[in-house]
Amino acid sequence: MAKDQLKVAVAGATGAVGREMLKVLEQRDFPAAEVVPFASSRSAGTTVPFKGGELTVRELREDSFAGFDIALFSAGGSTSEKFAPLAAKAGCVVVDNSSAWRMDPEVPLVVPEVNPDDLEWHKGIIANPNCSTIQMVVVLKPLHDAARIKRVVVSTYQAVSGTGQKAIVELENQVRRLMSGQEAVAEVYPHQIAFNCLPQIDVFLENDYTKEEMKMVNETVKIMGDASIKVTATTVRVPVFYSHSESVNLEFERPLSPQQARAILSQAPGVHVLDNPREKIYPMAVDAAGEDDTFVGRIRKDETVENGLNMWIVADNIRKGAALNAVQIAETLILKDLVRVK
Ligand code: A2P
């Protein structure tokens with residue numbers, strides 16, 4: 001079968017990321033003969049927009065995958081745990097946006113600009129990394145190649161869309177209620193998110209870090225393929241709808257000036273340097289929303305260590321952090337002839 005006859009399933013197509021996956025497939029003219037949206041039984045029979053028309057959502061079931069070549073999953077960890085192996089067994093290559101498979105040694109964890117060759121050892125499931133990790137490693141990789149990163153200290157400022165559609169609605173509702181003198185109702189987050197910052201993303205673990213923080217630590221090492229890189233993270237949810245921002249401090253083995261880093265990053269795939277502090281030019285969440293690139297600026301020397309840099313990294317968490325990266329993985333699979341086309 002020719003590649004433009006690929007049949008693509010999108011699992012979780014009614015969610016914030018699933019809808020964006022459909023949009024990215026359309027915008028990039030992905031070579032699919034057919035795209036089919038799946039979600040829970042709650043949404044079966046509803047429609048989602050695609051290529052100027054509407055696609056009818058089907059219920060995701062155990063026998064849904066026969067005849068499909070690629071399945072893009074963004075329907076939560078437990079759905080992936082159950083359905084991704086079934087899809088792979090049915091002959092589909094799965095690109096999974098949940099955290100269910102990311103640290104499985106049998107599953108490649110891929111950012112196409114960083115480690116595309118890891119796709120070559122896939123066994124049917126490929127994991128899409130955590131949103132905060134993706135945008136960071138796109139910037140880290142070319143700098144690591146140039147001067148060897150020893151340590152990363154990252155603090156994030158993460159948008160509510162990373163939690164899904166219901167969190168977008170919660171922030172909207174809280175802002176509306178507070179502005180009209182009513183109390184904020186918190187259901188998705190443990191505390192009010194409107195006009196607030198929550199230093200908790202996901203649950204706390206034994207070591208007092210959150211699960212999100214440990215995802216950044218462990219996933220960065222797996223994607224970069226270098227266990228010697230030390231990472232420590234503080235992840236914070238902020239009242240922003242789209243785009244995650246990150247303050248990143250890097251310590252290198254070898255000297256790397258801000259000018260050299262800017263020159264390297266201006267050539268890096270998927271990276272856009274926005275760094276002119278005198279003109280008040282730097283990356284911002286509202287500008288990155290809807291964009292494909294990862295933006296980096298405020299690049300400056302860390303004057304407290306021998307070879308250190310500070311920088312500010314911003315990307316649309318739903319696009320590069322999720323839907324776009326997943327579609328880029330699928331495109332790279334096609335390019336490398338790694339889709340088991342029936
Ligand atoms: P549904 O809309 O039918 O609940 P978000 O991350 O924005 O909350 O979206 C989650 C996505 O995952 C939605 O499309 C949701 O579908 C889907 N989903 C959640 N649970 C299941 C399930 N058990 N089976 C299939 N899809 C699911």
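Analyst: A residue is called exposed when its relative accessible area is over 50%, buried when it is under 20%, and partly exposed in between. The model is a predicted one, and the values discussed here are computed from it.

User: What makes His144 buried or exposed?

Analyst: The relative accessibility of His144 is 4%, which is under 20%, and therefore His144 counts as buried. His144 belongs to helix H3 (residues 131-147), and, leaving aside neighbours within four places in sequence, His144 is in contact with Ile149, Met224, Asp226 and Ile229.

User: How do you know that Glu219 and Arg102 form a salt bridge?

Analyst: The closest N and O atoms of Glu219 and Arg102 are 3.1 Å apart, and because the cut-off is 4 Å, the pair qualifies as a salt bridge. As for the two domains, the assignment gives domain 1 (3-129 + 322-335) and domain 2 (133-317), and the count between them is 1 salt bridge. Domain 1 and domain 2 bury about 1,500 Å² between them, with 66% of that area on carbon and sulfur atoms.

User: Why does the pair Glu34 and Lys7 count as a salt bridge, and how accessible are the two residues?

Analyst: The N to O distance between the side chains of Glu34 and Lys7 is 3.9 Å, and since a salt bridge requires a distance within 4 Å, the pair meets the criterion. The pair links distant parts of the chain, with Glu34 in strand E2 (residues 32-39) and Lys7 in strand E1 (residues 6-11), 27 residues apart. Glu34 has a relative accessibility of 34% and so counts as partly exposed, and Lys7, with 22%, is partly exposed as well.

User: What makes Lys23 and Glu20 about one helical turn apart?

Analyst: Lys23 and Glu20 are 3 residues apart in helix H1 (residues 16-27), which means that about one helical turn separates them. Their side chains meet in a salt bridge at 3.7 Å, N to O. Glu20, at 13% relative accessible area, is buried because this is under 20%, whereas Lys23, at 41%, is partly exposed.

Notes: Residues numbered from 1 in each chain as written. Predicted model: local features only at pLDDT ≥ 70, side-chain atom pairs only at ≥ 80, totals over all residues. Heavy atoms only, no water. Domains from an automatic or database assignment. Buried area = accessible area lost by both parts, 1.4 Å probe. Helix = DSSP H or I, 4+ residues; strand = E, 2+ residues; numbered from the N terminus. Buried < 20%, exposed > 50% of the residue type's maximum accessible area, 1.4 Å probe, protein only. Contact = heavy atoms within 4.5 Å.
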